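Please read it alongside the sequence and the coordinates.

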Amino acid sequence: MKSRTQREQELLNSGLVDSIKELFQNTNANIPEKYYLLIADYIDSIGQLDFEGGLYLDPINVARMLPNLLNTISEENLGGIHGKTDGNKITMNSTLDYETNKLYFFHEITHALQTRYVNNQEECSFYNGKTGMFLTEGATQYTAEILYHLSNETNLQYREQPNTVRGHAEHTPYSPLSEYQLNGSILMLLSGSLGVPINQLLALGFRKDGRQLKRNV
Ligand SMILES: [Zn+2]
């Protein structure tokens, strides 16, 4: 596993952290240094996925979207919640250790990139303001974990995960995720039954026309 220091040094030396800051330069964004590094980490991890086998995303395009979608990142004690995204503001739980914070920041930044408001209604490719929240969380966590493990040079480990579905001890999801294991398993099922690779399904979440494209598959 790559250490935090190693990874941060790599991102600083590549100039990516400075490039990310430049994108936010003319905005009144309120983003602590630690999170500029984590944003750079997320973008660089997208770039490490090769296009075809990966998320079909151009990391530069994703980075350019950010200043319009993200304005404030802060930390406070959120009790049992890891993090939350409200409009262009991400709040992370101040009590998390570095690695947990990193994984769930990747989760929240994925929400920030994928969720938009259409007629005052929250919408993304898996969610229309009323339905689909279940798939949204599975897809968001999958995306976050793929990128987190790439960044740390560790592997997603598929495993049986008993007692992870609240109230249903008889269900044992087989999943690589740390959370939302059942949501992730349903997404895998969807991917298998539609014959669409999981990465391609996840990529739809980043596209404005993702709902339409998903309908067409
Ligand atoms: Zn979420």
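Which residues of the largest nonpolar core touch the most other members? They are I39, Y42, I43, F106 and I109, in a core of 45 residues. A nonpolar core is here a set of buried Ala, Val, Leu, Ile, Met, Phe, Trp, Tyr and Cys residues joined through C-beta atoms within 7 Å. A residue counts as buried if 20 or more other C-beta atoms lie within 10 Å of its own, as exposed if 12 or fewer do, and as partly exposed in between, with C-beta atoms placed from the backbone.

This is a predicted model, in which local features need pLDDT of at least 70 and side-chain atom pairs count only at pLDDT 80 or more, while totals for chains, interfaces and linings use all residues. Residues are numbered from 1 along each chain as its sequence is written.

The elements that give two or more residues to this core include α3 (33–48), α5 (98–114) and α6 (133–152), as well as strand β3 (89–93). Helices (H or I, at least four residues) and strands (E, at least two) are DSSP runs numbered from the N terminus, and the chain has 9 helices and 7 strands. Leaving out residues up to four places away in sequence, F106 touches Y42, A144, L147 and Y148, where a contact means C-beta atoms, placed from the backbone, within 7 Å.

Values for the whole chain are as follows.

| Property | Value |
|---|---|
| Box of C-alpha atoms along the principal axes | roughly 50 × 40 × 35 Å |
| Buried residues | 35% of the 217 residues |
| Contacts joining residues at least 24 apart, among those at least 6 apart in sequence | 50% |

Helix α6 also packs against α7 (residues 181–194), at an angle of about 95° and with the axes 8 Å apart. The two helices are therefore roughly perpendicular, a class that covers angles of 65 to 115 degrees; axes are lines fitted to C-alpha atoms over the stretch in contact, and angles run from 0 to 180 degrees between N-to-C directions. On the α6 side the contact includes F134, L135 and Y142, and on the α7 side it includes I186 and L187.

F24 lies in helix α2 and counts as partly exposed because it has 17 C-beta neighbours inside 10 Å. Apart from its neighbours within four places in sequence, F24 is in contact with A29, I31 and P67. Its C-alpha atom is separated by 41 Å from that of R166, which is 142 residues apart from F24 along the chain.

Technical notes: Contact = placed C-beta atoms within 7 Å. Parallel < 35°, antiparallel > 145°, perpendicular 65-115°, else oblique.
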